[in-house]
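Trainee: I have a model open and want to learn how to read its packing. Where do we start?

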Amino acid sequence: MAITAQDVNKLRQMTGAGMMDCKKALQEADGDFDKAVDILRKQGQKVAAKRADNAVSEGTVLINISADGSNGKLVALACETEPVSNVEDFKNLAQSILDKAVADNIADKDALLAATLADGRPVSEHMVELTGKLGEKLEISAYENVSAEQVVPYIHSNGKLGVLVAFTGVNGADVADLGKDVAMQIAAMKPVALDKDGIDAATIEREIEVGKEQARAEGKPEAMLEKIAQGKLQKFYKDSTLLNQEFVKDSSLTIRQLLEKTAKGLTVSTFKRVSIGG
């Protein structure tokens, strides 16, 4: 049957797919719009399968903080190239995913992918469909759901790096400015854990071995290697755990000391740092 420009435009409005893709789908479906929609969705599945191994280094990070400040949710939707990350459909899908996470207080990424949006279809299906339309792999590279007495967010100016910091022991203190400072510290200094006890045994062992090898290469006596390596391990703790890091705005204070100075008992219970592409 003849496919009119009005038919093609109608399908395009329904699906957001390109004009030529809509025309081909309608021709293959003999003008049946439901079948044409299914054909376009299958095309999305084919594109998704073909690009499954592609790297995703662009995208957007979105954060929602509850009205009382006690919960923060972060969604990172990633794609392959910067132009796609700026497409309205991509931005709208990312916002819809975050809105769903907030509305249903979704616990983890698997549950988020399975959650249904307004049309009753799961997030994962919407992502595959948009993959077919945009021609790039899409991925929820991270989803975080954090609760505490006070959760403070930070999103870097590039929109690809986000931080959630959870504070306890607030006791009525205003931690908004402090929280932003700590969040920006996390963004810049990339701590791997909150404190020493958050470092796994394998990492500690590796740091000690690296410290010994460095000392040995410097010609230090074998009897001193363990002591030197332990010293290097303490420096690793200072550089790589948040509470032991020097505050970038005042190196005379560690983050732990900064928190205690702000309010007795104030501390960070956890933090999440999410970066797309690095």
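Mentor: Start with a helix pair. L178, V182 and Q185 in helix 8 meet I255, L258, L259 and T262 in helix 11. Contact means heavy atoms within 4.5 Å. Helices (H or I, at least four residues) and strands (E, at least two) are DSSP runs, numbered from the N terminus. By class, this contact has five nonpolar, two polar and no charged residues. Ala, Val, Leu, Ile, Met, Phe, Trp, Tyr, Cys and Pro count as nonpolar, Asp, Glu, Lys and Arg as charged, and the others, Gly among them, as polar.

Mentor: A word on provenance. This is a predicted model, where local features need pLDDT of at least 70, side-chain atom pairs count only at pLDDT 80 or more, and totals for chains, interfaces and linings use all residues. Residues are numbered from 1 along each chain as its sequence is written, and side-chain values use heavy atoms, with hydrogens and water left out.

Trainee: At what angle do helix 8 and helix 11 pack?

Mentor: Two packed helices are described by the angle between their axes and the distance between the axes. Here helix 8 (residues 176-189) and helix 11 (residues 255-262) make about 175°, with axes 12 Å apart. Axes are lines fitted to C-alpha atoms, for helices over the stretch in contact, and angles run from 0 to 180 degrees between N-to-C directions. Helix 8 and helix 11 are therefore roughly antiparallel (over 145 degrees).

Trainee: What is the strand order in the open sheet?

Mentor: The order is 1-2-3, with antiparallel pairing. Two strands pair if DSSP finds at least two bridges between them. Strand 1 (58-65) and strand 3 (139-147) are the edges, each pairing on one side only. The twist averages 10° from one strand to the next. Eight bridges join strand 2 (residues 71-79) to strand 3. L74 has E144 in strand 3 as its bridge partner. Helix 5 (residues 88-104) packs on the sheet and touches strand 1, strand 2 and strand 3.

Trainee: Is P191 buried or exposed?

Mentor: P191 has 7% relative accessibility, so it counts as buried (under 20% relative accessible area, 1.4 Å probe, protein chains only). P191 is in the loop between helix 8 and helix 9 (201-217). Leaving aside neighbours within four places in sequence, the contacts of P191 include I186, S240 and F271.

Trainee: How many of the 278 residues count as buried?

Mentor: The share is 42%.

Key. Angles under 35 degrees count as roughly parallel, over 145 as roughly antiparallel, 65 to 115 as roughly perpendicular and the rest as oblique. Buried means under 20% relative accessible area, exposed over 50%, partly exposed in between (1.4 Å probe, protein chains only).
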